[in-house]
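Colleague: I've got the file open. Can you walk me through it, taking my questions as they come?
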Amino acid sequence: MAKSRKSRPLTVLQITDTHLSTNPEARLRGIDTARTLATVLEHAQGDQRWPPDAILATGDIVHDEGRAAYERFRSMLGAYGLPVLCVPGNHDDSALMREALAAAPFTVGGSIRLGDWAFVLLDTTIVGEEGGRLGARRLLALDAALRNEAGRHVTICMHHQPIPMGSAWLDDSRVEDGDAFFEVVDAHANVRLVVWGHVHQASARRRGRIRLLSAPSTCMQFRPNSATFALDDLPPGMRWLRLDPDGAIDTAVDWVGHRS
Ligand SMILES: [Fe+2]
């Protein structure tokens, strides 16, 4: 029997920073990123939480901005018949990504409602730059989207971190106008959760009533709190979210090779 979409917990699988290449022979620091994404998806399918109500991909879907890499992502993620919610990252070409992932089950940007929750898919990228910024236009659109979802719990999904992670080299590329972002968020009582990628590490913080979560990459991890670039020795990972109808959130990070 089909699950009712209303008044039951939602399960969401967050994957991020898949860094797929146009050339299937390409390796990123020796890693076959299509292979590690496949291992993450295989691992997730063996989890009792599978199938999720949606898969969330928080940017850097491709590493080298090529159409073939988006097509690989589309064929790997499109087969499940589950909604795949996407935001671009600094390695993505937003326009190409929107075009390649234009059809269902993919959604790039905008807002989408599932059950008692809304997901606002926020673009933090700046063309040609590694760092993130929202700017006045996107902040106005965010404000309008949050007003439009009044009475519904909201998860904001983005690529760059809106707060410092405590890692100087990574924090150089955080959302530059993070304070303005939280001014908008604080004006709305419905935001429960902000999730992001980019930092290739799991983290969990709280800011008043809002949970702030980053997810590990499906390919390689960065060492937390390192002032300069450093890789961690953790395997590919993913984050599971359970979002309750009353706004409560339960979450766990899972790593390939472990069974949580
Ligand atoms: Fe990134």
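Colleague: What spacing do the donors of the iron ion follow along the chain?
Modeller: The spacing is D-x29-N-x68-H-x38-H. This is a predicted model, where local features need pLDDT of at least 70, side-chain atom pairs count only at pLDDT 80 or more, and totals for chains, interfaces and linings use all residues. Residues are numbered from 1 along each chain as its sequence is written, and side-chain values use heavy atoms, with hydrogens and water left out.

Colleague: And which atoms coordinate the iron ion, at what distances?
Modeller: D60 (OD), N90 (OD1), H159 (NE2) and H198 (ND1), at 2.2 to 2.3 Å. Donors here are N, O and S atoms within 2.8 Å of the metal (3.2 Å for Na, K and Ca); water is not among the atoms, so sites may look incomplete.

Colleague: Why is the arrangement called irregular?
Modeller: Because the 4 donor atoms subtend angles of 81 to 170° around the iron ion. Four donors count as tetrahedral if all angles lie between 85 and 135 degrees; four count as square planar and six as octahedral if opposite donors are over 155 degrees apart and all others between 65 and 115; anything else is irregular.

Colleague: Where do D60 and H198 sit?
Modeller: D60 lies in the loop between β2 and α2, and H198 in the loop between β8 and β9, so the pair ties together parts that are 138 residues apart in sequence. Helices (H or I, at least four residues) and strands (E, at least two) are DSSP runs, numbered from the N terminus.

Colleague: Is D60 buried or exposed?
Modeller: Buried, with a relative accessible area of 2%. H198 is buried as well, at 5%. Buried means under 20% relative accessible area, exposed over 50%, and partly exposed in between (1.4 Å probe, protein chains only).

Colleague: What about the backbone, which phi value does D60 have?
Modeller: Phi of D60 is near 50°, a positive value in a residue other than glycine. H200 also has a positive phi, near 50°. H200 lies in the loop between β8 (191–196) and β9 (203–207) and is buried, with a relative accessible area of 4%.

Colleague: Cis peptides next. What joins W50 and P51?
Modeller: A cis peptide bond, with omega about 0°. P51 is in the loop between α1 (33–45) and β2 (54–57). The bond from A104 to P105 is also cis, with omega near 10°, and P105 is in the loop between α3 (94–100) and β4 (106–108).

Colleague: Back to D60 for a moment. What does T18 touch?
Modeller: Not counting residues up to four places away in sequence, T18 touches T33, L37, G59, D60, I61, F73, T218 and C219. Contact means heavy atoms within 4.5 Å. T18 is in the loop between β1 (10–15) and α1, and it counts as buried at 2% relative accessibility. A polar atom of the T18 side chain lies 2.8 Å from the backbone oxygen of I61.

Colleague: I61 again. Which residues have the most contacts inside the largest nonpolar core?
Modeller: I15, L37, I61, F73, L77, C86 and L101, in a core of 29 residues. The elements giving two or more residues to this core are β1, α1, β2, α2, β3 (84–86), α3, β4 and β11 (237–243). Apart from it lies another core, of 26 residues, among them V120, L142, A145 and F222. A nonpolar core is a set of buried Ala, Val, Leu, Ile, Met, Phe, Trp, Tyr and Cys residues joined through side-chain atoms within 4.5 Å.

Colleague: Where is V120, then?
Modeller: V120 lies in strand β6 (residues 117–121) and counts as buried at 4% relative accessibility. Beyond its neighbours within four places in sequence, its contacts include L142, A145, L146 and V154.

Colleague: Last one. Which residues of α6 are buried?
Modeller: In α6 (residues 178–186), G178, F181, F182, V184 and V185 are buried. Seen down the helix axis, the buried residues of α6 fall within an arc of 155°, so they line one face of the helix. The arc is that of the directions from the helix axis to the C-beta atoms. On the other side of α6, D179 and E183 are exposed.

Colleague: What covers the buried residues of α6?
Modeller: The cover includes α4 (135–148), β7 (153–158), β8, β9 and β10 (210–214).

Key: Polar contact = N/O pair within 3.5 Å; in protein donor to acceptor, adjacent residues only side chain to side chain.
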